[in-house]
Amino acid sequence: MERPINTIILDDEPFAVRLLKDYAEKVSSLNIIYAGSDTYKVLELLKEYTNSLVFIDLQMPELSGMEIMEMRNHSDHNFIITSAYQEYALDAFKYKVIDFLVKPITFQRFYDSVEKYLAWQNSFKTASNSFAKSRDFYIKAERKIYRIIPEEIIYIEGLKDYIRIHTKNDKIIAHENMKDIIEMLPKNEFLRIHRSYIIPSGKIKILEGNSICLDGDIRLPIGETYRKVIKAKFN
């Protein structure tokens, strides 16, 4: 049996909170951990509970829904907007928004948004399981799921809270870190040469000074921490 989804409802209108809570209680896959209007309590709960589903209003008196999503945009939480202002929909979808529910919200519309979230989650699990034994792997980026073929990687670039995977055909930006991504790659075929760069060892063309030249005349620096290991490997 699937574990219930930790669910948070945040709205400054008491009627909207009661309505959405009543709807959520009718859906067995949802586990309500909070329903109310306290934005600061919700921020604390988002730290405590990972991968939550959050029904969030945009027009809040202290912190807006947009500000909360901005603050938690690098987390694993997913948001469903509940708002009377449809004109905010375009701006909202730059965050991890599953759906935009325009008030007044019917139970059918609420239920459909939950099903949409579940379908999205299941599609990622299915894709990951199907290729668990393969060299290829899947990664979530920009609300899409990309299949990463190691042989097509030119190099991987670290961007603070994100990475950019440079392949033959794409530049994919994903919310991952360098430590985790190198664990996904085939062993002994990729090297970390810098805190910001991972390269396929088979594409090294020239090792010169404190830099490496890859196929396609791409030159990348070797970080001071990695120099001894890299040079020892090729001596």
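Student: Where is Asp217 found?

Tutor: Asp217 is found in the loop between strand E14 (211-214) and strand E15 (218-221), where helices (H or I, at least four residues) and strands (E, at least two) are DSSP runs, numbered from the N terminus. This is a predicted model, in which local features need pLDDT of at least 70, side-chain atom pairs count only at pLDDT 80 or more, and totals for chains, interfaces and linings use all residues. Residues are numbered from 1 along each chain as its sequence is written, and side-chain values use heavy atoms, leaving out hydrogens and water.

Student: What is the phi of Asp217?

Tutor: Asp217 is not a glycine, yet its phi is positive, at about 60°. Most residues other than glycine have a negative phi.

Student: And is Asp217 buried or exposed?

Tutor: Asp217 is exposed, with a relative accessible area of 59%; buried means under 20%, exposed over 50%, and partly exposed in between (1.4 Å probe, protein chains only).

Student: What about Asn188, what is its phi?

Tutor: Asn188 has a positive phi near 65°, lies in the loop between helix H6 (178-184) and strand E11 (190-194), and is exposed at a relative accessible area of 75%.

Student: Changing topic, which peptide bond is cis?

Tutor: The bond joining Lys103 and Pro104 is cis, with omega about -5°, and Pro104 lies in the loop between E5 and helix H5 (107-130).

Student: What is the strand order in the open sheet?

Tutor: The order of its 5 strands is E2-E1-E3-E4-E5, with parallel pairing, two strands being paired if DSSP finds at least two bridges between them. Strand E2 (30-36) and strand E5 (97-102) are at the edges with a single partner strand each, so one side of each has no neighbour in the sheet.
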